[in-house]
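Trainee: Could we go through this structure together, one question at a time?

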Amino acid sequence: MHPVLRITLQRLALGVLTLVIVSFVIFAAVNLLPGDFAQAILGQGATPEAVEAIRNDIGLNDPFWIRYFDWLGALVSGDLGVSYSQMMFATGMGGEDIQLIPITEQIAPRFYNTMFLAGLTAIIAVPISLAVGVLAALYRGSAFDRIANITTLSSISSPEFFLAYVLTLFLAVQWQILPSLASVTPEMPLFERIYTALLPALTLTLVVTAHMMRMTRAAIINLLASPYIEMARLKGISPIQVIVKHALPNALAPIINVVALNLAYLVTGVVVVEVVFAYPGIGNLFVDAVRSRDIPVVQICCLIFASAYVLLNLTADILSILSNPRLRHPK
Amino acid sequence: MVSISRRGLLASGAAAGVLAATGMPVAAQQRGGTLRIGLAGANTSDSWDGRTHSDSYMITVAHGAVFDCLTEVTAEGELVGELAESWSASSDAKTWTFQLRKGVTFHNGKPFGADDVLESLQMHVAEGAKSAAKPIVSSITEMKKTGDHEVEFTLAVGNADFPFLMSDYHILMYPAGQIEEAIAKGIGTGLYRVEAFDPGVRTLMTRVDGHYKDGRAGWFDSVEVKAINDSSARMNALMTGQVDAVNRVDFKTEPLMRANPMINVFEVTGNQHYTFPMLTNISPFDQINVRQALKYGINRQEMVDKILLGHGAVGNDHPIGPANQYYASDLPQLEYDADRARHHLKKAGLDSLSIDLSASNGAFSGAVDAAQLYQASAKSAGININVVQEPADGYWSNVWLKKPWCACYWSGRATEDWMFATAYESGVPWNDTNWENARFQELLQAARAELDSTKRRAQYYEMQALMSSEGGTIVPMYANYVGAHSSRITNSGTIGNLWQMDSSRLIERWWMS
């Protein structure tokens with residue numbers, strides 16, 4: 001078996017194990033929160049009888065382990081389940097024949113929206129950070145390098161919602177260039193969709209650029225002291241070619257790693273940004289589900305977030321192996 | 001900010017101000033346009049099932065646009081027919097006959113009639129039904145179809161408010177035999193038909209052609225209602241013109257909105273009130289003098305000023321508000337009086353008093369701060385209040401009705417009887433004071449079946465006076481419903497105060513300016 005394939009399979013198996021552990025931790029953590037779905041949904045109307053009736057209907061009275069393994073068993077057989085609110089809705093209608101909307105159907109459009117936002121951000125952020133990183137390495141110590149460093153570091157140091165409000169203030173309220181609400185709809189044409197989602201995408205860009213740009217810069221500068229770079233310089237190649245042709249290929253592994261980490265962050269870290277811009281993605285759904293203690297939905301959202309990390313990390317590792325001939329052809 | 005020249009502001013703003021001040025409608029009602037509103041109170045679990053509606057988003061789109069009830073409360077607070085044309089009661093207020101409107105159809109073309117009323121009400125009355133409106137329909141013992149457009153209800157006990165209760169936002173009229181489909185798709189008899197509904201995200205609606213409310217309501221051609229739970233996002237959406245109106249204006253940013261000439265803030269004082277209920281069967285709250293000491297130990301005006309930032313009115317320790325018909329506005333107002341509080345404490349045989357007050361911002365926003373203000377004002381009367389901060393999660397299950405004294409919130413009810421019966425009738429599940437007063441309970445029963453409104457007024461006044469002076473709950477303040485709209489849309493000048501957003505009927509009552 002090719003070593004890369006073997007590593008991939010190993011890592012996938014480990015990933016599945018990670019997901020199972022994550023699902024258990026989340027399940028236990030949501031259980032530890034005060035209040036459950038019945039109490040959350042009834043609010044002030046939570047009389048003991050009403051709470052009991054809802055708990056019975058959706059099986060909240062079963063012991064913790066039974067509920068967890070029931071859920072896990074269904075998941076393994078490919079059934080993501082039904083949200084508590086759908087279950088309650090069905091018993092409210094008083095029939096077994098009610099068509100329940102499975103979680104998959106609830107999540108699919110939200111998932112698409114989140115991926116769209118993450119993708120849009122990546123398309124903006126990755127080229128910008130790589131370019132700025134390369135240029136900063138090239139003009140190390142110059143005014144450009146310092147400005148790039150200060151801007152990106154201050155944007156990564158501010159909380160996301162603060163960046164979101166600052167951007168909204170200027171781009172939406174003051175200059176009125178972009179809409180402050182990112183309420184994308186399924187029937188929107190692509191261009192309008194991009195325009196509507198641009199403000200959250202820019203916010204996320206500010207958040208992830210610093211990390212990627214700094215890593216690119218550091219990895220390249222690290223190599224600039226190597227003898228082969230000196231050799232290249234002595235050959236009389238222009239500085240930009242030295243960096244792009246000679247330094248960058250060898251610096252790819254750490255850059256790919258940090259890009260992948262940031263992409264994973266884009267999928268999971270959108271929660272706050274989605275809420276601030278009322279963007280109909282998974283983050284908003286997740287916040288809603290946690291508020292109402294709708295455990296099945298919380299679980300699936302967490303699994304999606306965890307899978308994003310596992311898969312993107314795996315991709316990063318494989319790509320860094322492929323980008324390194326020594327690892328590609330082990331002795 | 002959009003810059004506006006001083007001259008331009010004078011020309012537009014001042015002229016509008018003068019017109020508004022003279023009470024003249026700035027423009028006549030006209031059909032057309034698309035209304036876009038942004039509302040808080042939306043959830044991914046929302047559906048068109050009226051039994052589950054509890055927050056402003058679904059109430060505004062379902063009760064206020066897509067579905068109709070039998071009766072409707074106008075912006076002036078008057079009860080008129082919606083799907084019912086008229087109604088009459090037997091002299092004991094036990095049998096009620098409703099004449100239904102003829103020629104009404106549901107959005108799918110099905111004609112509306114008596115069967116629809118019976119089946120829609122059955123959703124709430126049925127054994128084991130999980131309806132939030134169950135308490136208000138539980139007294140119905142029999143429902144009869146007495147004609148294609150006439151129904152008769154028999155109640156276990158007389159209730160003079162029965163037609164009022166039929167305007168409740170849970171009791172929507174669905175097409176008989178197609179209720180499941182109607183709940184799935186949102187098929188009602190309202191002015192607006194559902195085009196797209198994405199729970200917790202948005203609702204798209206268009207105006208129905210040829211509706212029985214033509215000429216009275218339903219001015220917009222289409223309506224988009226966006227779910228914006230985040231307060232800053234909602235305010236920004238209005239400021240940047242992405243929506244024309246928003247609910248729940250953040251008190252802290254309200255001055256900024258007022259400063260913007262394109263935005264009008266509208267607020268009404270309704271029945272929404274905050275309370276500090278004490279369990280009067282537990283010592284020391286069983287002593288009337290302790291309760292009275294606490295009533296004089298609180299500075300209500302300070303709370304309105306600091307917690308609500310002025311967007312409210314002082315309460316008088318009873319749950320009836322300005323949106324109620326028989327609100328006793330001339331009742332002597334309880335004032336902060338440390339000496340008097342001390343006096344009542346002495347009468348109870350105490351030199352000082354130490355008590356716990358459980359509070360959480362889950363009870364109402366600012367509840368912990370309010371409790372601390374209470375602590376400070378009561379201190380000079382010799383009352384030591386220990387504020388216990390409780391978690392917001394599970395507050396209603398673990399603290400309210402359990403701890404002897406806590407913070408609480410009520411949205412209020414459209415009728416006096418409904419409010420009293422919900423929380424102050426002896427033995428009801430939500431009775432958060434356990435206050436047993438024979439005269440109060442006797443009046444509650446008597447007023448319920450009283451059809452003579454003069455007598456009824458006297459009875460309800462006496463009940464409010466009794467609660468105010470002896471009752472087990474402190475009502476420091478009524479919280480206003482504060483909304484804001486852009487100058488693109490306008491209204492008649494009278495705004496309903498039963499619920500947020502013109503009693504949740506902004507969509508059908510407002511129009512493009």
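Mentor: The questions below take up the two chains, their contact and a few local details. This is a predicted model, in which local features need pLDDT of at least 70 and side-chain atom pairs count only at pLDDT 80 or more, while totals for chains, interfaces and linings use all residues. Residues are numbered from 1 along each chain as its sequence is written, with chains lettered from A and ligands numbered from 1 in the order in which they are written.

Trainee: How many helices and strands are there in chain A?

Mentor: Helices (H or I, at least four residues) and strands (E, at least two) are DSSP runs, numbered from the N terminus. The C-alpha atoms of chain A fill a box of roughly 85 × 60 × 35 Å along the principal axes. Within it, chain A has 16 helices and 0 strands.

Trainee: What share of the residues of chain A is buried?

Mentor: A residue is buried if 20 or more other C-beta atoms lie within 10 Å of its own, exposed if 12 or fewer, and partly exposed in between, with C-beta atoms placed from the backbone. Of the 331 residues of chain A, the buried share is 37%.

Trainee: Is Tyr165(A) buried or partly exposed?

Mentor: Tyr165(A) belongs to helix α8 (residues 160–174) of chain A. Its C-alpha atom is 9.2 Å from that of Thr203(A), 38 residues apart along the chain. Because Tyr165(A) has 19 C-beta neighbours inside 10 Å, it counts as partly exposed.

Trainee: At what angle do α11 and α12 of chain A pack?

Mentor: Axes are lines fitted to C-alpha atoms, for helices over the stretch in contact, and angles run from 0 to 180 degrees between N-to-C directions. Helix α11 (residues 227–234) of chain A and helix α12 (residues 239–268) of chain A have axes 10 Å apart. Their packing angle is about 145 degrees.

Trainee: Which residues of α12(A) meet α11(A)?

Mentor: Two residues are in contact if their C-beta atoms, placed from the backbone, lie within 7 Å. From α11(A) come Tyr228(A), Ile229(A), Ala232(A) and Arg233(A). On the α12(A) side are Val242(A), His246(A) and Ala247(A).

Trainee: What is the radius of gyration of chain B?

Mentor: The radius of gyration is taken over C-alpha atoms, and the globule rule is 2.2 Å times the number of residues to the power 0.38. With 513 residues, a compact globule would come near 24 Å. Chain B agrees with this, at 24 Å.

Trainee: Which element gives the most to the side of chain B that touches chain A?

Mentor: The contact takes 30 residues from chain B and 33 residues from chain A. On the chain B side, the elements giving two or more residues are β10 (222–227), α7 (231–239) and α13 (395–398). With 5 residues, the one that gives the most is α7(B).

Trainee: How far apart are the C-alpha centres of domain 2 and domain 3 of chain B?

Mentor: Domain bounds come from an automatic or database domain assignment. Chain B is divided into domain 1 (27–38 + 192–262 + 487–513), domain 2 (68–189) and domain 3 (269–480). The C-alpha centres of domain 2 and domain 3 of chain B are separated by 33 Å.

Trainee: How many residues does domain 3 of chain B give to the contact with domain 2 of chain B?

Mentor: Domain 2 of chain B gives 15 residues to this contact. The number from domain 3 of chain B is 11.
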